[in-house]
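User: Could you walk me through this structure in plain words? I would like to start with one residue and then move on to others.

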Amino acid sequence: MTRQFFVGGNFKLNPITRESKKSLISGLNKAELDPSTEVVIAPPSIYLIPVKDLLRKDIKVAAQNCYFKESGAFTGEISPKQLVDAGIPYVVLGHSERRTIFKETSELTATKTRAALDAGLKVILCIGETLQEREAGKTAEVCEEQLKAVVEVLKEGDWSNVVIAYEPVWAIGTGKVATSAQAQEAHVDVRAYLAKAVSAAVANDTRIIYGGSVTAANCKELATQQDVDGFLVGGASLKPEFADIINAKKE
């Protein structure tokens, strides 16, 4: 099976205003993008619906997070069912910033993933190691441990609605980027773990994308790797070069 290339843009809490948002969307709407690549952008929650309404229909929108409860007294949270009701098809879960700054555990990420899938969302599931863990040779161990909690609550059929984003923490927003060989090695390890823990079919079919200082300058080399199925892009998604990253596989 040939896995469809996937590029996500994570706008995070960058200084986006309503006017700059319109400019970003206008640029994407006018850009000539590879039709064989699935494109998803994740703006801050306050902009989800207006971005969806302004954006061309072949680009999808993702929330940057959600809670696992359908309703209740959880001030400040967004439920998966609210996202579905708003017409938002994707959610990003397990991002390293959620894990490190907000101390979200792999078990909580798994619970959120289960709830999101049950509500009808698709999930961009983030995993990745710190610099200390990489230097200690623990990259595969850390990624497997983060995935294990999710594997335990998902059925085999659920994985068709999950995209795994391998994001080495040391490469996010630092300007450092994993070499294409390092990215490929980590993705091979993740795929091997899925084959062992779930099934060979899930390992083969699940898209594993790379995130960590991806730019127009390095995306084409990264995209040549057999097990790199796309990118989750941070700062560069706010720049015109995002279109070049989306077109990384285009001849």
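**A walk through the model**

Analyst: Let us begin with Pro-89, which is found in the loop between helix H3 (80-85) and strand E4 (90-93); helices (H or I, at least four residues) and strands (E, at least two) are DSSP runs, numbered from the N terminus. This is a predicted model, in which local features need pLDDT of at least 70 and side-chain atom pairs count only at pLDDT 80 or more, while totals for chains, interfaces and linings use all residues. Residues are numbered from 1 along each chain as its sequence is written, and side-chain values use heavy atoms, with hydrogens and water left out.

User: Which residues does Pro-89 touch?

Analyst: Leaving aside residues up to four places away in sequence, Pro-89 touches Lys-60, Val-61, Leu-121 and Lys-122, where contact means heavy atoms within 4.5 Å.

User: Ok, switching topic: where is Glu-167?

Analyst: Glu-167 lies in the loop between strand E6 (162-166) and helix H8 (180-197), and it counts as buried, because its relative accessibility is 5%.

User: What does the side chain of Glu-167 make a polar contact with?

Analyst: The partner is the side chain of His-95, at 3.1 Å. A polar contact is a pair of N or O atoms within 3.5 Å; within protein, one must be able to donate a hydrogen and the other to accept it, and residues adjacent in sequence count only if both atoms are side-chain atoms. Not counting residues up to four places away in sequence, Glu-167 touches several residues, including His-95, Cys-126 and Leu-232.

User: What about Cys-219, buried or exposed?

Analyst: Cys-219, found in helix H10 (residues 219-223), counts as buried, because its relative accessibility is 1%. Apart from residues up to four places away in sequence, Cys-219 touches Val-214, Phe-231, Asp-244, Ile-245 and Ala-248.

User: Now the whole chain: how many helices and strands are there?

Analyst: The protein chain has 11 helices and eight strands. Its radius of gyration is 17 Å, close to the 18 Å that the globule rule gives for 251 residues, so the chain is as compact as a globular protein of that length; this radius is taken over C-alpha atoms, and the rule is 2.2 Å times the number of residues to the power 0.38.

User: How much of the chain is buried?

Analyst: Of its 251 residues, 53% count as buried.

Conventions
Buried < 20%, exposed > 50% of the residue type's maximum accessible area, 1.4 Å probe, protein only.
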